[in-house]
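User: I would like to go through this model and ask what stands behind the labels used for it. Please set each value against its criterion.

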Amino acid sequence: MKKTTLTLVLLLAILSAATTQSLQDRTLKSDLVIEGKVIRTESFWNAAHTKIYTSNTIEVFKVFKGDLPEDELLLLTEGGIVGNDFQFVTHSFQVPEQGIGVFFL
């Protein structure tokens with residue numbers, strides 16, 4: 001039992017390390033890195049009424065990498081809530097309105 005548990009723990013640690021990107025890796029792979037705050041979110045159906053998207057307006061405080069001529073950025077993401085309908089997309093951008101963070105885009 002101890003050997004199985006140890007093997008499982010080591011496997012989970014290896015998988016976790018393999019999927020975790022360092023800050024340096026994320027920065028190198030991103031065209032734009034900013035610090036900002038989500039000031040508005042609005043979810044809507046696509047034209048075919050098959051997917052829900054959310055429009056996230058981000059107030060930009062600082063640009064660490066890349067060029068951004070505006071003080072706001074509009075980021076469209078999959079998933080959201082429209083009326084009584086919702087679509088949840090795993091591994092997608094999900095920050096609550098008024099959430100502050102560093103965004104790697």
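User: What makes strand 1 and strand 2 a pair?

Analyst: The model is predicted, and in it 12 bridges join strand 1 to strand 2. Pairing asks for at least two bridges, so the two strands count as paired. They run antiparallel, and W45 stands opposite I52 in strand 2. Strand 1 and strand 2 form a hairpin with 6 residues between them. In that turn, H49 has a positive phi of about 60°.

User: How do you know that strand 2 pairs with strand 3?

Analyst: The count here is 7 bridges. Since at least two are needed, strand 2 and strand 3 are a pair. They also run antiparallel, with E59 opposite E72 in strand 3. This hairpin has 6 residues between its strands, and G66 in the turn has a positive phi of about 95°.

User: Why is N56 called buried?

Analyst: N56 has a relative accessible area of 3%. Buried means under 20%, so N56 qualifies. The residue lies in strand 2, which covers residues 52–65. Leaving out residues up to four places away in sequence, N56 touches R40, T41, L73, L74, L75, T77 and F93.

User: Which label does T77 get, buried or exposed?

Analyst: T77 is found in strand 3 and has a relative accessible area of 10%. That value is under 20%, therefore T77 is buried. Not counting residues up to four places away in sequence, T77 touches I52, Y53, T54, N56 and F93.

User: What makes the N56 and T77 side chains a polar contact?

Analyst: The contact between the side chains of N56 and T77 is at 3.1 Å. The cut-off for a pair of N or O atoms is within 3.5 Å, and the value of 3.1 Å meets that limit.

User: Why is D85 called partly exposed?

Analyst: Its relative accessibility is 40%. Buried would need under 20% and exposed over 50%, so D85 falls in between. D85 is found in strand 5. Leaving aside neighbours within four places in sequence, D85 is in contact with W45, I52 and G80. D85 and I52 are 33 residues apart along the chain, and their C-alpha atoms are separated by 8.8 Å.

User: What lines the largest pocket, and about how much space lies in it?

Analyst: About 280 Å³ of space lies in the largest pocket. The lining has 19 residues, and the closest to the pocket centre are T54, G79, G80, I81 and Q94. The elements that give two or more residues to this lining are strand 1 (33–45), strand 2, strand 3 (72–78), strand 4 (80–82) and strand 5 (85–87). By class, the lining has 7 nonpolar, 10 polar and 2 charged residues. Gly counts as polar, so G79 and G80 of the lining belong to that class.

User: What is the make-up of the chain as a whole?

Analyst: The chain has 2 helices and 6 strands, in the order α-α-β-β-β-β-β-β along the sequence. Of its 105 residues, 21% count as buried; N56, at 3%, is buried, and so is T77, at 10%.

User: How much of the contact set links residues 24 or more positions apart?

Analyst: Such residues account for 60% of the contacts in the chain with a separation of 6 or more.

How values were computed: Residues numbered from 1 in each chain as written. Predicted model: local features only at pLDDT ≥ 70, side-chain atom pairs only at ≥ 80, totals over all residues. Heavy atoms only, no water. Helix = DSSP H or I, 4+ residues; strand = E, 2+ residues; numbered from the N terminus. Buried < 20%, exposed > 50% of the residue type's maximum accessible area, 1.4 Å probe, protein only. Polar contact = N/O pair within 3.5 Å; in protein donor to acceptor, adjacent residues only side chain to side chain. Contact = heavy atoms within 4.5 Å. 1 Å grid on protein atoms, 1.4 Å probe; cavity = no way out; pocket = protein on both sides within 12 Å on 5 of 7 lines; lining within 4 Å. Points joined across faces, edges and corners; volume = space filled by probe spheres on them.
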